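Q: I would like a close look at one part of this protein, with its aromatic side chains in view. Please take the sequence and the model as shown here.

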Amino acid sequence: QHLIVMHSVRKEHDWPEEYVSRLKLLGDIFVNALERCKADQTIRESELRLNLASDAAGAGLWILDIATGGFWLTDKTRELFSFPSDIEINFDNFLEIVHPDDREQIRQQVNNAIKVNEEISAQYRVVRQDGSVRWISSRGRAYLNGKGEPSSLMGVSIDITARKKTEEALIESQTQILTVMNSTNDL
């Protein structure tokens, strides 16, 4: 509840209705501005909590607006993909950093998730600005608008590079063990 008070010390005023209606409009403008400030503060606090949770989990959250192709990204997502904080990211920007051998797979999976409203689950490589290659695992699904049409794709991405390197080392060790075992059979 808000109140605007006009106080006249010298004498009582009888304000014309034209002024009263303008003052009411001015009051409404102030109230809307105050409510907007509160709403903006609530949104900022919510985004801070979301970024904190995302960082703590080591997961990047994202939303792809299907109509515009634009992404909303948490700070952790920008870090995972090495996206600068001051640049708007769209689906084409994203595909540019996906490893060339994985681009078509990602494009098809996103299109299928949108058309069929199915969950997307993908492991793919990204080439970061420093030239390093990282493995990313992403999961997401399409969300429908009031008309039952897909309006956005929301998901989460994590860096699985360490896991992929461990898997590769395990496969290499298994290959070496099999080679040694096969050579000892000959003896």
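Where is the place of Trp15: in which segment?

A: The model is a predicted one. In it, Trp15 sits in the segment before α1, the helix that covers 17-57. Trp15 is partly exposed, because its relative accessible area is 42%, between the 20% limit for buried and the 50% limit for exposed. Together with Tyr19, Leu23, Leu26 and Phe30, Trp15 makes a nonpolar surface patch of about 480 Å².

Other aromatic side chains pair with one another. The structure holds 6 aromatic pairs. One of them joins Phe91 and Phe94, a tilted pair with 6.0 Å from centre to centre and 35° between the planes. Phe91 and Phe94 are 3 residues apart in helix α3 (residues 91-97), so about one helical turn separates them. Both Phe91 and Phe94 are buried; for Phe94 the relative accessible area is 8%.

Phe94 also pairs with Tyr124: the ring centres are 6.0 Å apart and the planes stand at 85°, so this pair is edge-to-face. Because Phe94 belongs to helix α3 and Tyr124 to strand β3 (residues 120-127), the pair ties together parts that are 30 residues apart in sequence. Tyr124 counts as buried, at 3% relative accessibility. Phe91, Phe94 and Tyr124 belong to one aromatic cluster with Trp62, Phe71, Phe81 and Phe83.

Charged side chains also sit over rings. Arg141 lies over the face of Tyr143, at 4.8 Å from the ring centre, and Lys164 lies over the face of Trp135, at 4.5 Å from the ring centre.

Note on methods:
Residues numbered from 1 in each chain as written. Predicted model: local features only at pLDDT ≥ 70, side-chain atom pairs only at ≥ 80, totals over all residues. Heavy atoms only, no water. Patch = residues over 30% accessible without salt bridge, like charges linked within 9 Å, V, L, I, M, F, W, Y side chains within 5 Å. Areas by Shrake-Rupley, 256 points an atom, 1.4 Å probe, with all protein chains shown as cover. Salt bridge = Lys/Arg side-chain N within 4 Å of Asp/Glu carboxyl O. Helix = DSSP H or I, 4+ residues; strand = E, 2+ residues; numbered from the N terminus. Buried < 20%, exposed > 50% of the residue type's maximum accessible area, 1.4 Å probe, protein only. Phe/Tyr/Trp six-rings, centres within 6.5 Å; stacked < 30°, edge-to-face > 60°. Lys NZ or Arg CZ within 6 Å of the ring centre and 35° of its normal.
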